[in-house]
Amino acid sequence: FSNELKLARKIRHKNVCGMFDIGEADGSHFITMEYVSGEDLKTMIRMSTGLTMGTVLSVGKQVCQGLAEAHSLGIVHRDLKPQNIIIDKGGNAKIMDFGIARSIREKGITGAGIMIGTPEYMSPEQTEAKDVDQRSDIYSLGIILYEMATGRVPFEGETALSVAIKHKTEIPKDPKLLNPHISDDLKRLILKCLEKDKAARYQSAAEVEAELEKIEKGIPTTERVVPER
């Protein structure tokens, strides 16, 4: 708990769920955090037959902004997934649960060879329990964008190991084959985030946000989603 709090409370950003304090009551430790009234992104994806391009771009940009702030402080999320992104009633996205995040500027507490994360959203380097940096979060963001655009994740399997192997060895199916309505630009952006070699991905969340912004300018104004502040 205290490890989570020390990292998470450093981050003060409109697209990150605020962490406040740590305490103990009757032998139980607890964390106090910002209350957000809304749905997690996974629930939204499941409830919808397909999120609109406008929604995909709006949520994607906001997640990029929250990640950019965390990364600037040397914090990698390491378990970014739709279950950890809350969308409030005004359409504002907030990243939650930096519980297994580790500062890339300090020696972490994770032991060598321990794989941490959720298999469907893990980068290839995470599946090998290698050191990760912000580009690992960008890979996870690519999977989230893929799932928002198509309704499914690129790699599925019976076991965590089978999914991990696919992250390392299989090329994701073209998202346009699953949803022909997404633009070629968005398809290219998603697949670049999902490059196996981290050097071939976008190198920062700001870079991804700039590309999403460009794509958004190319869609009709009526389709764009502007969150209420």
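Helix α9, residues 205-217, has 13 residues, which at 1.5 Å a residue should span 18 Å, and its end C-alpha atoms lie 19 Å apart, which agrees. The expected span here is 1.5 Å times one less than the number of residues. Helices (H or I, at least four residues) and strands (E, at least two) are DSSP runs numbered from the N terminus. This is a predicted model, in which local features need pLDDT of at least 70 and side-chain atom pairs count only at pLDDT 80 or more, while totals for chains, interfaces and linings use all residues. Residues are numbered from 1 along each chain as its sequence is written, and side-chain values use heavy atoms, with hydrogens and water left out.

- In α9, the buried residues are Ala205, Val208, Glu209, Leu212, Ile215 and Glu216; buried means under 20% relative accessible area, exposed over 50% and partly exposed in between, with a 1.4 Å probe and protein chains only.
- These residues sit on the same side of α9, because they cover an arc of only 120° around the axis; the arc is that of the directions from the helix axis to the C-beta atoms.
- As background, an α-helix has 3.6 residues a turn, so residues three or four places apart point the same way.
- Lys214 and Lys217 are exposed on the face of α9 turned away from its buried side.
- The cover over the buried residues of α9 includes α3 (53-72), α5 (134-150) and α8 (184-193); contact means heavy atoms within 4.5 Å.
- Turning to α8, its buried residues are Leu186, Lys187, Leu189, Ile190 and Cys193.
- They share the same side of α8, since their arc around the axis is only 165°.
- Covering the buried residues of α8 are elements including α3, α5, α7 (175-178) and α9.

**The cavity**

- The structure holds one cavity of 30 Å³ or more; on a 1 Å grid over the protein atoms alone, a cavity is a set of points where a 1.4 Å probe fits but cannot get out, and lining residues have an atom within 4 Å of a point.
- The largest cavity has about 40 Å³ of space, where volume is the space filled by probe spheres set on the points, and grid points are joined across faces, edges and corners.
- Its lining has 10 residues, and the closest to the centre are Cys17, Met19, Met96, Asp97 and Phe98.
- That lining divides into eight nonpolar, no polar and two charged residues; Ala, Val, Leu, Ile, Met, Phe, Trp, Tyr, Cys and Pro count as nonpolar, Asp, Glu, Lys and Arg as charged, and the others, Gly among them, as polar.

**Loop residues to look at**

- Asn15 belongs to the loop between α1 (2-8) and β1 (19-25), and Asn15 is buried at 1% relative accessible area.
- Leaving aside residues up to four places away in sequence, Asn15 touches Gln62, Gln65, Gly66, Ala93, Lys94, Ile95 and Arg229.
- Glu34, in the loop between β2 (28-33) and β3 (38-40), is partly exposed at 24%.
- With residues up to four places away in sequence not counted, Glu34 touches Val16, Cys17, Gly18, Phe20 and Lys94.

**Positive phi**

- Most residues other than glycine have a negative phi.
- Asp26 has a positive phi near 50°, and Asp26 is exposed, with a relative accessible area of 85%.
- Arg78 has a positive phi near 75°, lies in the loop between β4 (75-76) and β5 (85-88), and is buried at 7%.

Terms used. 1 Å grid on protein atoms, 1.4 Å probe; cavity = no way out; pocket = protein on both sides within 12 Å on 5 of 7 lines; lining within 4 Å.
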